[in-house]
Amino acid sequence: MEIDLGKVPFTMDFHPSDNLVTAGLITGDLHLYRFNADSSPQRLLEIHAHSESCRAARFINDGQAIITGSSDRSILATDLETGSPIARLENAHEDAIFSLINLTESTVASGDDQGCVKVWDTRQRSCCNSFNVHEDYVSDMTFASDSMKLLSTSGDGTLSVCNLRTNKIQSQSEFSEEELLSVVIMKNGRKVICGSQNGTLLLYSWGFFKDCSDRFTALSPNSIDSLLKLDEDRVITGSENGLISLVGILPSRVIQPLAEHSEYPIECLAFSHDRKYLGSISHDQVLKMWDLDDLLQNSGSAQNDQAPVSDSDSDAMNVDTNPPKSRKGAKRKNEHANDATSSFFADL
């Protein structure tokens with residue numbers, strides 16, 4: 001199933017309980033579609049949400065609203081039914097907003113191009129936590145709800161852990177030699193997996209964030225722009241060559257390529273609410289929804305020549321010989337060029 005968005009998308013998200021998907025575009029527009037297996041997707045909303053690129057979008061309040069973050073530094077909450085703005089926070093950050101995630105029912109987190117992470121209370125309409133944790137853009141974030149820890153990766157090559165209970169930066173990794181672009185928590189909370197711009201997966205043991213315990217290089221040299229956790233032992237990766245792959249973690253191996261979206265980088269991966277579909281977006285201006293069962297039906301018997309990587313928890317870090325390539329950093333520059341050629345929270 002495919003949706004032609006008409007412009008380059010930077011973000012997508014599925015509704016938490018309905019067959020709805022939203023996409024944020026380089027033009028600042030926000031689209032909402034209803035989909036099902038028996039008919040073509042139907043566009044329900046098309047609004048001009050921001051004056052610059054819509055970089056991040058998430059359903060909030062049990063799917064009653066969509067929150068978006070933009071390179072114009074604003075955050076917008078939009079009513080799902082009417083498409084009307086619920087509230088807009090101008091100058092939410094001092095620099096362009098790059099990433100946005102849900103935390104709890106009433107809190108979200110945003111990260112900007114200067115490395116600042118903010119936590120917002122959507123009911124109190126205020127910023128309740130702020131962390132100047134990175135020296136470059138906040139590429140991705142994930143949340144450990146049991147311990148109230150917010151993890152973020154950055155173009156500065158670090159992984160950071162912020163404690164939302166104490167409002168303190170609890171830990172930060174040493175600088176790696178490549179930008180970190182994506183992050184997930186796996187192995188029942190024991191491992192943190194980061195995707196990098198030279199195609200290496202960096203594995204960190206929980207509580208030991210200064211240095212990675214393992215590195216997996218089979219996807220190199222294509223940057224790993226998106227990570228999506230399938231289960232505690234497998235992760236789906238989206239790379240700059242447009243390839244979507246299934247990767248096992250400890251033992252680490254490429255289980256099988258799942259799909260090829262296009263020849264362009266994968267901007268985002270997401271599951272539909274029932275996990276029937278895997279969604280992907282890329283620079284080809286198309287949102288694709290893949291039947292997940294069809295993609296995974298042969299994964300159990302797939303083989304790969306890559307040798308497994310043991311769970312060594314070693315303090316040693318191998319040095320990659322591949323020169324660094326900034327993919328998401330390049331995206332920030334490209335969006336301004338494309339823009340030139342293309343024509344506070346209320347109670348929720």
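The legends below describe close-up views of a predicted model.

**View 1. Aromatic pair between F14 and F35.** The structure holds four aromatic pairs, and one of them joins F14 and F35 in an edge-to-face arrangement, with 5.8 Å from centre to centre and 75° between the planes. Because F14 belongs to strand β2 (residues 9–14) and F35 to strand β4 (residues 29–36), this pair ties together parts that are 21 residues apart in sequence. Both side chains come from buried residues, F14 having a relative accessible area of 5% and F35 a relative accessibility of 1%.

**View 2. Aromatic pair between F35 and Y277.** F35 also pairs edge-to-face with Y277, at 5.7 Å centre to centre and with 85° between the planes. Since F35 lies in strand β4 and Y277 in strand β27 (residues 277–282), the contact ties together parts that are 242 residues apart in sequence. Y277 is buried, with a relative accessible area of 8%, and F14, F35 and Y277 form one aromatic cluster.

**View 3. Charged side chains over the rings of F271 and Y277.** R275 lies over the face of F271, at 4.3 Å from the ring centre, while K276 lies over the face of Y277, at 5.5 Å from the ring centre.

View 4. The structure accordingly holds zero disulfides. C194 is buried, with a relative accessible area of 0%, and C268 likewise counts as buried, at 12% relative accessibility.

Conventions:
Residues are numbered from 1 along each chain as its sequence is written. This is a predicted model: local features need pLDDT of at least 70, side-chain atom pairs count only at pLDDT 80 or more; totals for chains, interfaces and linings use all residues. Side-chain values use heavy atoms; hydrogens and water are left out. A disulfide is a pair of cysteine sulfur atoms within 2.5 Å. Buried means under 20% relative accessible area, exposed over 50%, partly exposed in between (1.4 Å probe, protein chains only). Rings of Phe, Tyr and Trp (its six-membered ring) pair if their centres lie within 6.5 Å; planes under 30 degrees apart count as stacked, over 60 as edge-to-face and the rest as tilted. Helices (H or I, at least four residues) and strands (E, at least two) are DSSP runs, numbered from the N terminus. A charge sits over a ring if NZ of Lys or CZ of Arg is within 6 Å of the ring centre and within 35 degrees of the ring normal.
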